[in-house]
Amino acid sequence: MNDFHLCYQNYLDEFEKYLNQYVEKLKTKPEILGESMAYSLLGGGKRIRPVIMLACADVLSIPHEDVLPFALALEMIHTYSLIHDDLPAMDNDDFRRGKPSCHKAFGEANAILAGDALLNEAYSICFSQCAKGEQYVAAGKLLNEYAGAFGMIAGQSADILFTNQKNDVSEEELRFVYEHKTGKLLLAPVVIPNILAANRNYLSFEYFGKQLGLLFQMTDDILDVTGNFEELGKSIGKDENVNKLTCVRLYGLQNAKIRADLCAQECHAVLEGMDGDTEFLHQLVDFVLVRTK
């Protein structure tokens, strides 16, 4: 597993360098806007979405410079969603990655604007790639669709709708939340390199991305029960406190763990049938399954 961690770190370092180059040029007026954007954008974390995109690019022999702009746009969208998620009107969390949430550091109004700005900057980056050809247009269009009213935001809306709902909730409703709120932004880094590779093995990559998104959210729900603040860097036990729709609520903790194991097996199975070196992706699946933060 040491080789996996080394490879992960190499991907991470490459993306962080690209991200820092962007932030160095981020000069806004008033300055507090750029400061609040950078505060959350540089807040650390696993950067799992950019890492997945770079890894899938390698499987498909796509140059990193072709996917890095989309990886940056994706991380901006993810970061904006976290800023807004933490707001009192949403999940009401005071901490993110072990630091005060953006609204705690800069106030609610500035946090909302920081999220808005990051989302618009992500769109701008996608637009800037369109001149490179139809495949880049398609990649940008997909990312924007996955982030919007029929993607992540739909999942967030459903998550709010089903939170503390007294009526019985169904597996279908849980799956909708998973596939949209979390799944779309984990499917994007798998599918975008495939689009740039002229849709080679598209169905296999798409299925892998969907299963990986389900696995990631399952482990997230489980960690809210079994994790600790020191490792997660955010409040724990909140899902149960607000009666959020999770796999633990629907199936129980032990059955949720079993379903996560089965989902990981599905990920491995589809990777076995892919062309190219998928060893890192195999190890990434195991990393997501047993993660503690």
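Buried here means under 20% relative accessible area. In this predicted model, Y11 comes in at 8% relative accessibility, so Y11 counts as buried. F280 is at 10% relative accessible area, so F280 is buried too.

Now for the aromatic rings. Rings of Phe, Tyr and Trp pair if their centres lie within 6.5 Å, and by that rule there are eight aromatic pairs. Y11 and F280 make one of them, an edge-to-face pair.

Next up are Y39 and F106, another edge-to-face pair. This one also ties together distant parts of the chain: Y39 belongs to helix α2 (residues 31-41), F106 to helix α5 (residues 102-106), and the two are 67 residues apart.

Here are the numbers for those two pairs:

| Pair | Centre to centre | Angle between planes |
|---|---|---|
| Y11 and F280 | 5.2 Å | 75 degrees |
| Y39 and F106 | 5.3 Å | 75 degrees |

Which residues do ring pairs link into a cluster? They are F4, Y8, Y11, F280 and F287.

Y39 has the charged end of K99 sitting over its ring, 4.2 Å from the ring centre. Over the ring of F216 you'll find the charged end of R291, with 4.0 Å to the centre.

Note on methods. Residues numbered from 1 in each chain as written. Predicted model: local features only at pLDDT ≥ 70, side-chain atom pairs only at ≥ 80, totals over all residues. Heavy atoms only, no water. Phe/Tyr/Trp six-rings, centres within 6.5 Å; stacked < 30°, edge-to-face > 60°. Buried < 20%, exposed > 50% of the residue type's maximum accessible area, 1.4 Å probe, protein only. Helix = DSSP H or I, 4+ residues; strand = E, 2+ residues; numbered from the N terminus. Lys NZ or Arg CZ within 6 Å of the ring centre and 35° of its normal.
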